[in-house]
Amino acid sequence: MSTKRAMHLGLMFWATGTHSAGWRHPDARGDAAYDIGLIQEVSRTVERAKFDFVFLGDRLATDPALQHSNPAQISRLEPFVTATAIAAATTHIGIVVTANPTYSDPYGIARMLASLDHISGGRAAWNLVTGADPAAALNFGRDAHWETDKRYDWAEETLRVVRDLWDGGDRAIGHRGTYFSVDGPLDVPRPPQGHVVLLSAGTSDRSRELGASRCDMVFAGPQPTLAARQAYYADIKERAARHGRADQVTVVPGLTPIVAPTTEEAVRLHDELNALLVLDPEEEVTDLVRAGGLGEGYKRNRACASRAFGIDIRGCRLDDVVPAEQLAAVSEEGARRLAEITRLTRRTADGPERITYADLVHGTPAQLSHVVVGNPEEVADMMQEWFEGDMADGFNIYPAYVPGSITAFTELVVPELQRRGLFRKDYHGRMLRDHLGLHG
């Protein structure tokens with residue numbers, strides 16, 4: 001068997017898509033969050049493309065305000081229930097479920113994950129999150145969300161108990177810790193994988209250390225520059241090496257590919273999605289808006305764009321071209337944003353295709369993942385650059401809309417990655433640990 005390093009691919013299943021207006025696209029399904037048949041078919045689609053896993057996120061609170069910034073975070077089916085339906089409809093694809101130990105007990109988590117691993121034949125993974133949403137506390141009988149250190153202390157003890165329960169067989173574990181007293185044994189046999197695959201995400205020191213020391217995979221959030229992406233990747237790998245795990249931690253950033261057979265078609269699709277966005281009222285000038293547990297960013301209107309780019313565009317017509325002399329006056333941060341607009345739209349300050357005021361407004365909010373717009377070769381070029389440039393071991397694909405953008409990626413980009421020898425043409429094993437090349 002070849003030992004050549006292989007790219008890993010996962011699907012972040014957000015039913016309404018990761019573009020804020022993805023659910024409104026003609027090729028999207030606005031009711032996808034609750035159509036288990038569609039969820040199963042999407043899972044089979046990425047399984048046919050030999051993806052490593054399907055990722056089911058979760059959120060323990062909701063907010064109607066998210067309809068403008070991140071509608072996929074408003075509501076969804078409970079991930080463990082959904083995962084069992086995916087397991088029944090597939091044979092190889094890994095299934096990542098999110099479970100927040102801050103609002104769960106370790107015995108319950110160990111039991112559900114072990115059960116899912118048996119049901120799926122060794123394809124389960126746990127996305128361990130400690131929660132970044134204070135609103136969740138009010139749904140679980142607490143007055144406030146715990147501060148970071150307490151959440152991670154709690155999570156690390158939870159993880160120790162969960163693994164002891166999996167390893168304990170029919171013996172009591174007799175755990176007596178700072179937060180938990182758990183006798184055991186677990187009433188589910190040891191998972192087929194031994195320990196289910198463990199994943200985490202985050203940029204704080206505690207989250208990086210947890211990922212490097214205990215997890216099999218780390219999800220990297222969006223980074224503003226190539227240097228920042230390389231620095232994050234190097235930091236995780238160096239921490240893992242200090243724990244004797246240099247080859248056991250996979251770093252997988254999020255990627256939103258907007259792909260079509262030609263560059264022109266891809267840019268047109270990107271513009272169509274942005275044209276479906278509902279702008280925030282102009283009188284709402286508060287800088288930051290929550291994106292549903294995924295950070296904060298500017299709202300989407302002319303006033304916030306004026307602040308973000310350092311020029312006054314209030315009162316402009318969105319379809320008008322921005323004069324080159326006005327673009328020359330943007331702030332340093334505005335210049336970085338202009339470069340992103342050009343990368344995505346191929347429009348410039350003074351070329352044949354010119355930047356519009358609408359581009360500035362749509363380029364104001366923070367992206368939930370790195371976005372790439374282009375034909376299959378261009379998308380594959382970017383992925384190869386990151387993969388070979390010490391920025392990524394693979395990608396968690398964030399579909400802009402569902403199911404159309406998933407189909408486009410699997411039909412257009414995956415064959416190109418396979419042609420280049422970067423991605424598998426078939427599975428080599430049936431368990432998720434097999435796909436990831438993990439030990440024990």
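**View 1. A polar contact joins the side chains of His-19 and Asn-274 at 2.9 Å.** A polar contact is a pair of N or O atoms within 3.5 Å; within protein, one must be able to donate a hydrogen and the other to accept it, and residues adjacent in sequence count only if both atoms are side-chain atoms. The model is predicted: local features need pLDDT of at least 70, side-chain atom pairs need 80 or more, and totals for chains, interfaces and linings use all residues. Numbering runs from 1 along each chain as its sequence is written, and side-chain values use heavy atoms, without hydrogens or water. His-19 sits in the loop between β1 (8–12) and α1. Helices (H or I, at least four residues) and strands (E, at least two) are DSSP runs, numbered from the N terminus. His-19 is buried, at 12% relative accessible area. Buried means under 20%, exposed over 50%, partly exposed in between (1.4 Å probe, protein chains only).

**View 2. Contacts of His-19 (heavy atoms within 4.5 Å).** Neighbours within four places in sequence aside, His-19 touches Leu-273, Asn-274, Leu-277, Pro-399 and Ala-400.

**View 3. Helix α9 (residues 302–309) is mostly covered.** Of its 8 residues, 7 are buried. They are Arg-302, Ala-303, Cys-304, Ala-305, Ser-306, Ala-308 and Phe-309. At the start of α9, a side-chain oxygen of Asn-301 comes to within 3.3 Å of the backbone nitrogen of Ala-303. Just after α9, Gly-310 has a positive phi of about 80°.

**View 4. Ile-36 in helix α1 (residues 36–48).** Ile-36 is partly exposed, with a relative accessible area of 31%.
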